[in-house]
Amino acid sequence: MTTRIVELRRGILKKNDELAALLRQRYAAGGVLVLNLVSSPGTGKTAFLERTLRDLKAGGARVAALVGDLETDNDARRLAASGAPVRQINTHGICHLDADMIDRHLTGWDGVELGDLDYLFIENVGNLVCPSSYDLGEAIRVALLSVTEGEDKPLKYPTLFNSADAAVITKMDIAEPCGFDRELALKNINEIRPGIRIFETSAKTGAGMDEWLAYLAEQQAARERS
Amino acid sequence: MARAPQGVKSPFMHELSIVSSVVESVTESLAAYPRARVVEVRLRVGALASVVVDSLEFCWGIAAEGTALEGSKLVVNMLPVVMHCAPCDADVELDGVQSFRCPRCGEPSMDLRQGREMDIDSIEIEEASENSEVKA
């Protein structure tokens, strides 16, 4: 018997990363800005996305959404009320979306071609840990945090907040009764991801949505220039 | 892609799906070493990868069962976060993942040089020698 070491030196999620790179090329070729929304369950991703889809559509933008959940198509039905094409991805126990799931759901999506879209939103499975490891080829990863969750959430889940491109605080309309310490939340987000853009929003009142929509438009324009 | 076996609760789901990817990837590499038995699989995992080493080890046995990796040992080498500090013009190591400021000068930075790794570094294999195969 001989013993030896074989150097492999490769990413554990190499397959996902390679597929994500191909997806990124497809999004770019289609001229679509893709955003991956990640948060805990109950942060209000769906309500925030409903409002975003509705407001973007009202402004004439072409939008669509993929929504991930372990089970049920409740969120897809909620989001479809905006009039945007929406497709549900059920992961059946898997705690995150991966590039392969996105790839399979982009194929054969009746009436939706990437080239016909300005924005594609991917609502990830409610989870602050696992989605951070899986690249979906998105241009922008958005970490969401609600005022009911505790200001130290970014410190507890640094991997996700550190890998995010933008942060959204949701449910600002109930910040006061919740005793939300805004300054502390902003400080904690900045400690984990220095310089990140932070949006303070309420899907209910529409607060902060103008700034968020302006950011989306900026990012889409920057994508076109690149 | 890994599904949780019956009785494996969700806190381990993340690690189980990661080790399942490791098993799959190493198994593919073993095609080049048909007489090999895997003794050890060595990973390099950054502090920002948010995986729990104990859970990886716990899941390893489950993921490796019934594969060529059954009975092998998983060794996880954890890597601290290293960021580049522009004012200091140096790569500096961080103590944890609670603050992304230079420990020398306090300047925040997002120019990370290490800490997000999730890599298969190497495997240790045992191969039956040519002679023993001839005898058999």
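Which residue is the bridge partner of Val67(A) in β4(A)? The close-up views below come from a predicted model, and the answer is in the first legend.

**View 1. Strand β3 of chain A pairs with β4(A).**
The bridge partner of Val67(A) is Gln88(A). Gln88(A) belongs to β4(A). Strand β3(A) covers residues 63–69. Five bridges join β3(A) to β4(A), and the two strands run parallel. Helix α4(A), residues 99–106, packs on the sheet here. This helix touches β3, β4 and β5 (119–123) of chain A. The direction of α4(A) makes about 140° with that of β4(A).

**View 2. Chain A holds an open sheet of seven strands.**
The strand order is β4-β3-β5-β2-β6-β7-β8, with parallel pairing. Two strands stand at the edges: β4 (86–90) and β8 (197–200) of chain A. Each has a single partner strand, so one side of each is left without a neighbour in the sheet. From one strand to the next, the twist averages 20°. Strands of a sheet pair through backbone hydrogen bonds, either parallel or antiparallel.

**View 3. Chain A meets chain B.**
The contact involves 31 residues of chain A and 35 residues of chain B. On the chain A side, β1 (2–11), α6 (158–163) and α7 (182–192) each supply at least two residues. β1(A) gives the most, with ten residues. By class, this side of chain A has 14 nonpolar, nine polar and eight charged residues.

**View 4. Asp119(B) sits in strand β6 of chain B.**
Is Asp119(B) buried or exposed? Asp119(B) has 21 other C-beta atoms within 10 Å, so this residue counts as buried; the cut-off is 20 or more. Leaving aside neighbours within four places in sequence, Asp119(B) is in contact with residues of both chains. From chain A come Arg9(A), Arg10(A), Gly11(A) and Ile12(A). From chain B come Leu43(B) and Arg44(B). Asp119(B) and Leu43(B) are 76 residues apart in sequence, yet their C-alpha atoms are 5.6 Å apart in space.

On the β6(B) side, Glu40(B) stands opposite Glu124(B).

**View 5. Helices α1 and α2 of chain B pack together.**
Helix α1(B) covers residues 13–29, and helix α2(B) covers residues 53–64. They pack at an angle of about 55°, with their axes 8 Å apart. The two helices are therefore oblique to each other. Their crossing is right-handed. From α1(B), the contact uses Glu15(B), Leu16(B), Ile18(B), Val19(B), Ser20(B) and Val23(B). These meet residues of α2(B), including Leu56(B), Cys59(B), Trp60(B) and Ile62(B). The contact residues divide into ten nonpolar, two polar and one charged.

**View 6. A second sheet shown here, in chain B, is open and has three strands.**
Its order is β4-β3-β5, with antiparallel pairing. β4 (90–93) and β5 (112–114) of chain B stand at the edges. Each has a single partner strand, so one side of each is left without a neighbour in the sheet. The twist averages 35° from one strand to the next. Four bridges join β3(B), residues 82–85, to β4(B). In this pair, His84(B) stands opposite Asp91(B).

**View 7. Chain B as a whole has three helices and six strands.**
Along the sequence, the pattern is α-β-α-β-β-β-β-β-α. Of the 136 residues of chain B, 31% count as buried. Among contacts in chain B between residues at least 6 apart in sequence, 70% join residues at least 24 apart.

Key:
Residues are numbered from 1 along each chain as its sequence is written. Chains are lettered from A and ligands numbered from 1 in the order in which they are written. This is a predicted model: local features need pLDDT of at least 70, side-chain atom pairs count only at pLDDT 80 or more; totals for chains, interfaces and linings use all residues. Two residues are in contact if their C-beta atoms, placed from the backbone, lie within 7 Å. Ala, Val, Leu, Ile, Met, Phe, Trp, Tyr, Cys and Pro count as nonpolar, Asp, Glu, Lys and Arg as charged, and the others, Gly among them, as polar. A residue is buried if 20 or more other C-beta atoms lie within 10 Å of its own, exposed if 12 or fewer, and partly exposed in between; C-beta atoms are placed from the backbone. Two strands pair if DSSP finds at least two bridges between them. Axes are lines fitted to C-alpha atoms, for helices over the stretch in contact, and angles run from 0 to 180 degrees between N-to-C directions. Angles under 35 degrees count as roughly parallel, over 145 as roughly antiparallel, 65 to 115 as roughly perpendicular and the rest as oblique. A crossing is left-handed if the near helix is turned anticlockwise from the far one by less than a right angle, and right-handed if clockwise.
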